[in-house]
Amino acid sequence: MQNLRCAAKRWCFACLAAVALSFAAVGAASAAEAPDAAADQAQNEAVAVADSEAADAALAASGEASDATPPAAGDSTQDKPAAGDSAEPAKPAEPAEPAKPAEPVKPGVAAHTQQEIAKYFRDNGIALNVDMGFSAAPSVTKPLSPGSLDPATLNNAVKLVNFCRYVAGLNDDVSLDDGYNAEAQATALLMAVLNDPFASESPVVPGKPADMSDELYELAITDWRLGNRASGSDNFENLQEVILQGWMYDSSNGDVETLLNHRRWLLNPSMGKIGFGAVDTPKGQRAHWFAMSATDRSRRGSEINVAWPAQCTPTELFAPGSAWSLSVGKTIADEDVAAVRVTVKNKKTGKTWNLSSKGGDGELHVDSQGFGQRGCIIFSPRGLKVAEGDAYSVSVTGIEQPVEYDVSFFGLCAPITKVVPSPKSFTYNGKAQTPRVTVAAGSKVLKAGTDYRVKYPGSSVNAGVYQVTVIGMGNYDGKVRAEYRINPQSLTKATITGVNKTYAYTGRDIAPEPKVVVGGTTLVKGRDYTVAYSNNRGSATRNTVAICQITGKGNYGGTVRITYTIKGSSASGGSSSASSGTTPPPTSYTPTTKPSTKPSSSNKPAVGWNVTNGKWWYRNADNTYPANCWKKIGGVWYHFDGKGYMQTGWLYDGGAWYYLASSGAMQTGWQKIGGAWYYFNGSGVMQTGWTRVGASWYHLKSSGAMQTGWYRENDKWYYLKPSGVMAVGWSNANNQWYFHDGSGVMKTGWFKQGVKWYYLNASGVMKTGWLWEGNQTYYFDGSGVMARGWTWIGNSWYHFELSGALSRNKWIGDYYVYQSGVMAINTTVEGYKIGADGKRVKA
């Protein structure tokens, strides 16, 4: 649930303001109604204070003081016992019999059976996953427009919320409100315009974007303060997913430090209305942004002890890793939290989890802030993974009224278990291509349109890897993805013209421009292919075989090499040849006949190098010459073709590639050929894959060309610097900082270097600025180092604990920080005056 980008697990301005403003709204709108639990508590506290003040006044009137000090030693005005007083002291009163502990009660909500819940699900047409639609499309570019979700999308969302409430035993008649919808939609637009999940979850309300009107901005930040937000990628594609896997889940792998504020708002007995907003963003940004206005208290709800999971819960509504919760409906004082105990027992196996705030068989946390209902006990039994058919008993003690209840899980729908695309791969043809799918639940093959629907990517024309998504319908649930691939079309079948067989030597590079046609389509250089040349300057004294290398790009793959001859001005004869393939072609061959002419005795070639018709060959001392073999001459290796002529350029021999310079010398080490770097070992063999040269690692493509930039292998990312060296430690790419471990793998998440902590997001980018992680807020300076202690940010001082967590609502020595983390100045807190420097003024 890492894509939940909102105040799901922490005190944020959104929820702080929600508590304050929603209660204020209730007070203004419902003055004639009975006060809620929070108001009752405030009234009782006020009465207690008044009674105390009255008692003090009465004591003062009688000459006594409620806080009188002991009399001084020797004070003669004190009453003393008379001499000889023999009266016996009165016997102490018998101790009263201790009160019996309160009997446990069941949750104060309706309990529905599995059959009732399944019938509700069918009768009301509840959709667990459905695509979103818009009545008016949002615009995240100028002119900005929030747009609006269509009625079907909004109705499906509120029906799902009401279904969750029905399962929890609450009223299921929450309705949509146009005003709430508008606020939520404006908030979603603001998040999309910012396009920064960290800004969206920041404790600071963002500034107004330049292109956003004042009216729209005010509407957006109204819900920013009151509502609930989330940013989604492929994990959250619609409101159903963000409701179930985001807001109702509201935790991170059972993290009990979450406040579960979204879940508590959705299960608030006083909720009567709700609103939703969503915005899709352009390609290349986060895909979806969501918001809801869920802090309404227009209904007078009296239910208490609201549990989730409820007493009978479909597994589809309780996402794996979710924390459990029980909202008792009244404040649990901080000093009473240590007494709270939760016992969870598997009724089938007998396994028991005992939890408290001090630990035990899991984690437990109590939050009494006003998110929906106060007094929320949040707990996560360690290692408990719910499944269909499981049944548990839950006992909560250490609170004013202990609670006991049972929880059973069942499946509403059968899960989709298998999706097989056919075919699994295509070859690029310039048209959209999608596979058929076979879908199964267990051994049963499902029917499209009845049991599932298929969602293909928006465009599957170009070469690449795509995903087809199958989404359950009716009696089947789940979202399962399967990959298929569109492979580049090979250039081996291309028709290539524009390269002549021979050219005259000019003293300059000769680089003919090829025309490449595949299937009647003329390809575009730079987009569909690249061209590189080698040995293309030639020699004035002999003929030279040059290479024009055409390499596919994008939707085209493979490599074609065309050879042409550059004829030296003082040489005669020559040859040219053409070959193609996805790898360098061999230039050696076995001739059908040996050379037909032999040197005459009067013109006997010298021992050593000789040239005939511009081609070099070598005469051994025994009057033979090497042919179709390697020969080491003067410490340098050469290769001769079947006719005995020295070869140059690429050579494929014995399953390996070699490169021979224009002098014929076999190359070793790094060589730049046709604009790309290649590495040849000491035997001259071209290397591919991971290769260590000196103290550095390089990655060489299957063609042998040195890799640069980002490279992915086995789901791990590596970065090859412009020099080709694999990055280890810090690297900078596109003005972003990344960190790679000793094996070159890009790191993500938290990591410590020396005494400094850093955070790298899911893309590996080093975080700077604000970060919300878990239920804490952190800050990283411009160098990415996590802040600790006092830190100046913007125009205010903040304090961070040794763990890096932002300090909130507490004294730091003589200084006080608010809920937002900002240090207080020029004010009074808890009766203490605070000066302009933020320091408490001592009396």
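# Briefing on a predicted protein chain

Trp-790, Trp-792 and Trp-797 make a nonpolar surface patch of about 320 Å². The model is predicted. The protein chain has nine helices and 59 strands, and 46% of its 843 residues count as buried.

**Surface and overall contacts**

- The protein chain exposes about 41,500 Å², of which carbon and sulfur atoms supply 50%.
- Trp-790 is partly exposed because its relative accessible area is 32%, which falls between the limits of 20% for buried and 50% for exposed.
- Of the contacts in the protein chain between residues at least 6 apart in sequence, 56% join residues at least 24 apart.

**Nonpolar cores**

- The largest nonpolar core has 73 residues, and the members that touch the most others are Phe-163, Phe-276, Trp-308, Ile-377 and Phe-379.
- Helix H4 (residues 151-167) gives this core its largest share, nine residues.
- Not counting residues up to four places away in sequence, Phe-163 touches Ile-117, Tyr-120, Phe-121, Ile-126, Pro-314, Leu-317 and Leu-412.
- Another core, of 36 residues, lies apart from the largest one; among its members are Ile-416, Tyr-452, Ile-486 and Val-516.

**Backbone features**

- A cis peptide bond runs from Lys-142 to Pro-143, with omega near -5 degrees. Pro-143 sits in the loop between strand E1 (134-136) and strand E2 (148-149).
- The peptide bond from Ser-422 to Pro-423 is also cis, with omega near -5 degrees. Pro-423 is located in the loop between strand E18 (418-422) and strand E19 (425-427).
- Asn-734, a residue other than glycine, has a positive phi near 55 degrees. This residue is in the loop between strand E47 (729-733) and strand E48 (736-740), and Asn-734 counts as exposed at 71% relative accessibility.
- Asn-809 likewise has a positive phi, near 45 degrees. Asn-809 occupies the loop between strand E54 (796-800) and strand E55 (810-812) and is partly exposed, with a relative accessible area of 43%.

**Two polar residues in loops**

- Ser-139 is placed in the loop between E1 and E2. A polar atom of the Ser-139 side chain lies 2.8 Å from the backbone oxygen of Thr-141.
- Leaving out residues up to four places away in sequence, Ser-139 touches Leu-144, Ser-145 and Leu-189.
- Asn-129 lies in the loop between helix H3 (114-123) and E1. With a relative accessible area of 15%, Asn-129 is buried.
- Beyond its neighbours within four places in sequence, Asn-129 is in contact with Asn-238, Gln-240, Glu-241, Arg-453, Ile-471 and Lys-479. With Glu-241, the contact includes a polar one between the two side chains, at 2.7 Å.
- The C-alpha atoms of Asn-129 and Leu-160 are 9.9 Å apart in space, while the two residues are 31 apart in sequence.

**Salt bridges**

- Side chains of opposite charge can pair when their charged atoms come close. The structure holds 19 salt bridges.
- Lys-330 and Glu-400 form a salt bridge whose closest N and O atoms are 3.6 Å apart. This pair links distant parts of the chain, 70 residues apart: Lys-330 is in the loop between strand E9 (324-327) and strand E10 (341-346), and Glu-400 in the loop between strand E15 (391-397) and strand E16 (403-410). Lys-330 is partly exposed at 41% relative accessibility, whereas Glu-400 is exposed at 63%.
- In the salt bridge between Lys-525 and Glu-513, the closest N and O atoms are 3.1 Å apart. Lys-525 lies in the loop between strand E30 (521-522) and strand E31 (529-534) and Glu-513 in the loop between strand E28 (502-504) and strand E29 (515-518), so the pair ties together parts 12 residues apart in sequence.
- Asp-814 pairs with Arg-840 in a salt bridge, with the closest N and O atoms 3.1 Å apart. Asp-814 is in the loop between E55 and strand E56 (815-817) and Arg-840 in strand E59 (residues 840-841), so this pair joins parts 26 residues apart in sequence. Asp-814 is buried at 16% relative accessible area, and Arg-840 is buried at 18%.

How values were computed
Residues are numbered from 1 along each chain as its sequence is written. This is a predicted model: local features need pLDDT of at least 70, side-chain atom pairs count only at pLDDT 80 or more; totals for chains, interfaces and linings use all residues. Side-chain values use heavy atoms; hydrogens and water are left out. A nonpolar core is a set of buried Ala, Val, Leu, Ile, Met, Phe, Trp, Tyr and Cys residues joined through side-chain atoms within 4.5 Å. Buried means under 20% relative accessible area, exposed over 50%, partly exposed in between (1.4 Å probe, protein chains only). Helices (H or I, at least four residues) and strands (E, at least two) are DSSP runs, numbered from the N terminus. Contact means heavy atoms within 4.5 Å. A polar contact is a pair of N or O atoms within 3.5 Å; within protein, one must be able to donate a hydrogen and the other to accept it, and residues adjacent in sequence count only if both atoms are side-chain atoms. Patches are made of residues with over 30% relative accessible area and no salt bridge: like charges are joined within 9 Å, nonpolar side chains (Val, Leu, Ile, Met, Phe, Trp, Tyr) within 5 Å. Accessible areas come from the Shrake-Rupley method with a 1.4 Å probe; for residues, only the protein chains shown count as cover. A salt bridge is a side-chain nitrogen of Lys or Arg within 4 Å of a carboxyl oxygen of Asp or Glu.
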